[in-house]
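Subject: Structure for you to look at

Hello,

Please find the structure below, with some notes on what was found in it. Keep it open while you read.

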Amino acid sequence: MRLIPRGRRATTAAAASTLVLALALGSQAMASPAPDAPTETAESSAAAQTPRQYQVSGLSSPEERTELARAGAAIDEVHGDSVVITADRSEAERLRALGYELAELPSALDDDPTAAAPADYHTYEETLAAVDAAVAEHPDLVSSQVIGESYQGTGIVAVKISDNVGVDEDEPEVLFTHNQHAREHLTVEMALYTLEELTSQYGSDPEITELLDTREVWLIPSANPDGKTYDTESGSFRNWRKNRQPNSGSSAVGTDLNRNWDYEWGCCGGSSGSPGSETYRGPSPESAPETVVIADFVRGRVVDGEQQITAHIDFHTYSELVLWPYGFTYDETAPGLTQDDADAFEALGVAMADTNGYTPQQSSDLYITDGTINDWLWADQGIFSYTFEMYPTSSLEGGFYPPGSVIDRETSRNREAVLMLMEYADCVYRIIGAEAEYCSA
Ligand code: 0X9
Ligand code: CA
Ligand code: CA
Ligand code: ZN
C-alpha cells in the first residue's frame with residue numbers, strides 16, 4: 001500500500017472542506033476573501049500550487065477547445081462535448097471567472113490505494129543506470145552521450161543504437177524523444193522498452209537485426225529530467241508538466257517545453273504568455289535550456305548540408321493517439337507542408353495506428369498547439385515528426401499515473417509502430433508510392 005505523509009492527508013482534507021465551503025458560498029464569495037481569512041501557510045500554498053484535473057463541460061468543436069487552450073489550459077482529454085484539463089487553483093479560478101464550468105476530478109494525488117506510486121516507474125537516475133548497463137552489455141551496438149544540461153544542471157542523454165555504433169555511418173537516422181512533460185513517466189518506460197527490445201533481439205530477430213544494420217537510432221529517454229524528478233521526489237506525485245526554470249517577475253515556475261520550439265512560436269492561441277499557465281511558452285523561443293539542448297542536437301545531425309534524421313516520434317501520455325503536424329493551423333496543407341507531405345504523414349500515421357489501436361489524426365483536429373516539437377522538426381528540419389499519446393484514454397484508468405502493472409503491456413504495444421517508423425526512415429514518401437519523385441539519389 002502507498003504511504004501518504006500525514007501532512008498531505010491533512011492538507012487535502014482541509015482543501016476539500018475549503019472547496020465545499022466555496023461551493024456553498026458561490027463564486028461571488030471567492031472573489032473577495034473575508035478580511036479575517038487565515039493567512040496561507042507554506043503548506044496550504046504548496047497545495048494551492050499543486051495542479052490537478054478538472055472536467056470542463058460544454059465544449060464540442062476544435063475552435064471551442066482552442067479558445068480554452070488560448071486561455072492557458074493544458075488539455076489532457078478530449079470528449080464529444082467536454083474536455084479534461086490540468087490547472088492549479090489560481091488558474092482554475094481564472095478560468096471560472098472567464099465563464100468556464102470546472103468540476104474537480106479525483107486523481108492519483110488523492111488517497112487512493114489502487115493508484116500508481118512513484119516507485120512504479122524508473123527515476124531519472126535509474127533510467128541512466130539502465131542505459132549504462134545496455135552500453136556495457138552491447139558496446140558495439142549501443143553508445144550514450146550527454147548532449148547538454150537541463151536548467152538545474154542535470155545531463156540530458158542521447159542513446160545511439162546501430163551496428164558499428166562508434167562509426168557515423170551513412171544510414172537513415174531515426175529519433176525518439178520522451179518525457180517533455182514531467183508527469184508522463186510511462187514515456188520514459190517506453191524508451192527503456194525500445195532500448196531493451198532492440199538490443200536483446202539484435203542478432204536473433206531478423207527484422208530488428210536488418211533494421212539496426214541499416215539505420216541509426218537515437219533515443220532521448222527524458223527531455224525534462226528536472227521536471228520528472230520534481231514530480232516524484234516527495235514520495236507522492238505532484239502532477240507536474242513543465243520544466244523547473246524560474247520565471248522572472250513571477251513566483252510561478254516552469255515553461256511548457258512543448259510550446260517553446262522555434263517555429264510559429266506563440267502564433268495562434270495554442271500556448272500561453274502567462275508564467276502561471278500549464279502551457280506557458282516561455283519569454284522567447286528556445287528560452288528553456290532543455291529545448292536548446294535537443295534542438296542543437298538535431299541541428300548537429302546535419303551532415304554535408306543534409307539532415308540525417310528523417311523520422312521521429314515524440315512520446316507523451318495520455319489519450320492513445322497518433323498525431324502529426326501542423327499543430328498551429330487547422331489547415332491540412334500550409335507553408336512547407338504540401339499535399340504529398342500531408343498524404344505521407346497521414347498514410348504512415350494511419351499505418352502505425354493500425355498496429356497499436358491508437359486514433360490517428362492531424363494534431364489540430366483536437367485543438368491548436370503552437371511552438372511544438374513536431375511543427376519545428378518538420379518545418380525547420382524536414383523530419384517526419386509524430387506525437388504518440390500513450391495509454392490510457394481517461395483519468396478513470398489512471399490518467400498520467402496508471403499503475404506499474406500496465407507498463408510492459410503498454411510499452412510493447414508500440415513495438416510494431418516503432419519498427420515501422422524505422423523501416424520507412426529510408427524514404428517516408430515510399431508509403432504513398434512517391435519514392436521516385438522524392439527519394440532517388
Ligand atoms: O499538449 C501537448 O503538448 C500534447 N498533449 S499532452 O497532453 N501530452 O500535453 C499534444 C501535442 C500534440 N501537438 C502536436 N503534435 N503538434
Ligand atoms: Ca550502423
Ligand atoms: Ca549517420
Ligand atoms: Zn505531454
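In this predicted model, helix α7 (residues 186–201) and helix α8 (residues 206–214) have axes that come within 8 Å and cross at roughly 100 degrees. Angles of 65 to 115 degrees count as roughly perpendicular, and α7 and α8 are therefore roughly perpendicular to each other. On the α7 side the contact is made by E197, L198 and Q201, and on the α8 side by I208, T209 and L212. Sorted by class, the residues of this contact are three nonpolar, two polar and one charged.

Helix α7 also meets helix α6 (residues 124–137). The axes of α6 and α7 come within 11 Å and cross at roughly 10 degrees. Angles under 35 degrees count as roughly parallel, so α6 and α7 are roughly parallel to each other. Here T127, A130, V131 and A134 of α6 meet V188, L192 and L195 of α7. This contact has six nonpolar residues, one polar and no charged ones.

The calcium ion (ligand 3) is coordinated by D168 (OD), E169 (O), E173 (OE) and E216 (OE), at 2.2 to 2.3 Å. The spacing of its donor residues in sequence is D-E-x3-E-x42-E. E169 and E173 are both buried.

Last, look at E423, which lies in helix α14 (residues 415–424). Is E423 buried or partly exposed? With a relative accessible area of 32%, E423 is partly exposed. Leaving out residues up to four places away in sequence, E423 touches L211, R215 and R430. E423 and V174 are 249 residues apart in sequence, and their C-alpha atoms are 9.8 Å apart in space.

Regards

Conventions. Residues are numbered from 1 along each chain as its sequence is written. Chains are lettered from A and ligands numbered from 1 in the order in which they are written. This is a predicted model: local features need pLDDT of at least 70, side-chain atom pairs count only at pLDDT 80 or more; totals for chains, interfaces and linings use all residues. Side-chain values use heavy atoms; hydrogens and water are left out. Axes are lines fitted to C-alpha atoms, for helices over the stretch in contact, and angles run from 0 to 180 degrees between N-to-C directions. Helices (H or I, at least four residues) and strands (E, at least two) are DSSP runs, numbered from the N terminus. Angles under 35 degrees count as roughly parallel, over 145 as roughly antiparallel, 65 to 115 as roughly perpendicular and the rest as oblique. Contact means heavy atoms within 4.5 Å. Ala, Val, Leu, Ile, Met, Phe, Trp, Tyr, Cys and Pro count as nonpolar, Asp, Glu, Lys and Arg as charged, and the others, Gly among them, as polar. Donors are N, O and S atoms within 2.8 Å of the metal (3.2 Å for Na, K and Ca); water is not among the atoms, so sites may look incomplete. Buried means under 20% relative accessible area, exposed over 50%, partly exposed in between (1.4 Å probe, protein chains only).
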